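Have the sequence and the 3D view open as you read.

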Amino acid sequence: MPQRHSKNNNDLAFFTYEEKRKLGYGTQRERLGKDSIKPFDACCLCLKPLIDPLCCPKGHTFCKECILECLLAQKKDIKRKLAAHEAQKKQEKEEEEEKLILQKAKELDAFDQQNHGAVPQYHDRSGSQGKNGFHGANSVKVTSFEEEALRNMKAFWLPSATPEATVKVDAPSADTVCPEGQEKLKLKSLFPISFMEETADPKRKKAMEKSYMCPSCKSTLTNTMSLVAVSACGHVFCKKCSDKFLVKDKVCLECSKSFKERNLVPLEKGGTGFAAHDERLEARDFKHLGSGSGLGLVKPAPKAY
């Protein structure tokens, strides 16, 4: 079937709209599938169904084992960085002391030369003195000057004099952070949560097919619903029941335990490192044309929505 010449014309000094579309120029949008969205009952670290779930004050849910391992690894990393920082400070202090000692030695030498003549008198270990007071390569003073010059010489072909780039280690923060929200997080600020499991449907017997419901309205919890957890007891309700009953009564509908309004923690909706979760489930990718070449760099959007 013949094609239009205008869509395949390549003798112009610029790209036509059809050529840019074929090259993928501009912003490409694609609707995300179900596999790109994290379920509400999945861990933010291992992305598997929650086992002994814990929740942070910002509403991110984790498996107990996953978050404990994460916080322990962060503490070990902080300890290692603190040790490296202390070693660096100790080395800098020693270098400053060495510079002060060398500076004092140079000042004493200059004072000695000024008060005892232009030609200094140097003695070796045996107490003998050569002509004009110099011993050439065997002189202690000459040897120390040579060592200092070798230490300061930028000779990349000598392994002993190869310059090294100093890497400064900044003082690390002693606080552990939430792996999902990057805010400060302590172990004591985590609280356990529990979902009410549906038992009406006998067909769903597998662990991966578990479904949960709201203890108040008995509606099935899905990714499209906003959920609220009570940090005082750990029970999870839908947003509608929370606004209708929990906010007004300040009493849990499941265990009748009283709480304060700050104990209501909205759970974050699903989202992985590849996609976020909101009303608009679209991922964007931007491609631009590089100068002098047919294709340029591919720059993914910093956040998909």
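## Aromatic residues and their surroundings

Tyr212 counts as buried, since its relative accessibility is 14%. Please keep in mind that this is a predicted model.

How many aromatic pairs does a search of the whole structure find? The search turns up 3 aromatic pairs. In one of them, the ring centres of Phe40 and Phe195 lie 5.8 Å apart with the planes at 70°, so this pair is edge-to-face. Phe40 and Phe195 link distant parts of the chain, 155 residues apart. Phe40 sits in the loop between strand 1 (26-31) and strand 2 (53-55), while Phe195 belongs to the loop between strand 4 (191-192) and strand 5 (196-197). Both Phe40 and Phe195 are buried.

Phe195 also pairs with Tyr212: their ring centres are 5.2 Å apart and the planes are at 45°, so this pair is tilted. This pair, too, links distant parts of the chain, with Phe195 in the loop between strand 4 and strand 5 and Tyr212 in strand 6 (residues 212-213), 17 residues apart. Taken together, ring pairs link Phe40, Phe195 and Tyr212 into a cluster.

For quick reference, here are relative accessible areas for some of the residues in this report.

| Residue | Relative accessible area | Class |
|---|---|---|
| Phe195 | 16% | buried |
| Tyr212 | 14% | buried |
| Ile78 | 14% | buried |
| Cys46 | 28% | partly exposed |

## The cysteines

If you are wondering about disulfides, a search of the whole structure finds 0. Cys46 is in no disulfide, and the nearest cysteine sulfur, that of Cys43, is 3.8 Å away. Cys66 is likewise in no disulfide; here the nearest cysteine sulfur belongs to Cys46, at 3.8 Å. These distances can be set against the cut-off, because a disulfide is a pair of cysteine sulfur atoms within 2.5 Å.

Now to a helical part of the chain. UniProt, in an unreviewed entry, places the feature "coiled-coil region" at residues 68-106.

Ile78 is a residue of helix 2 (residues 64-115). Is Ile78 buried or exposed? Ile78 is buried, with a relative accessible area of 14%. Which residues is Ile78 in contact with, leaving aside its neighbours within four places in sequence? The answer is Pro172, Ser173, Ala174, Asp175 and Thr176. For Thr176, the C-alpha to C-alpha distance from Ile78 is 8.5 Å, although the two residues are 98 apart in sequence.

## A sheet and the helix packed on it

An open sheet is formed by 3 strands in the order 3-2-4, with antiparallel pairing. Strand 3 (61-63) and strand 4 are the edge strands, each pairing on one side only. Strand 2 and strand 4 run antiparallel and are joined by 2 bridges. On strand 4, Pro192 stands opposite Leu54. Helix 2 packs on this sheet, where it touches strand 2 and strand 3, and the direction of helix 2 makes about 90° with that of strand 3.

Technical notes. Residues numbered from 1 in each chain as written. Predicted model: local features only at pLDDT ≥ 70, side-chain atom pairs only at ≥ 80, totals over all residues. Heavy atoms only, no water. Phe/Tyr/Trp six-rings, centres within 6.5 Å; stacked < 30°, edge-to-face > 60°. Helix = DSSP H or I, 4+ residues; strand = E, 2+ residues; numbered from the N terminus. Buried < 20%, exposed > 50% of the residue type's maximum accessible area, 1.4 Å probe, protein only. UniProt positions renumbered as here; feature names shortened; annotations may be inferred. Contact = heavy atoms within 4.5 Å. Pairing = 2+ DSSP bridges. Axes fitted to C-alpha atoms, helices over the stretch in contact; angles between N-to-C directions.
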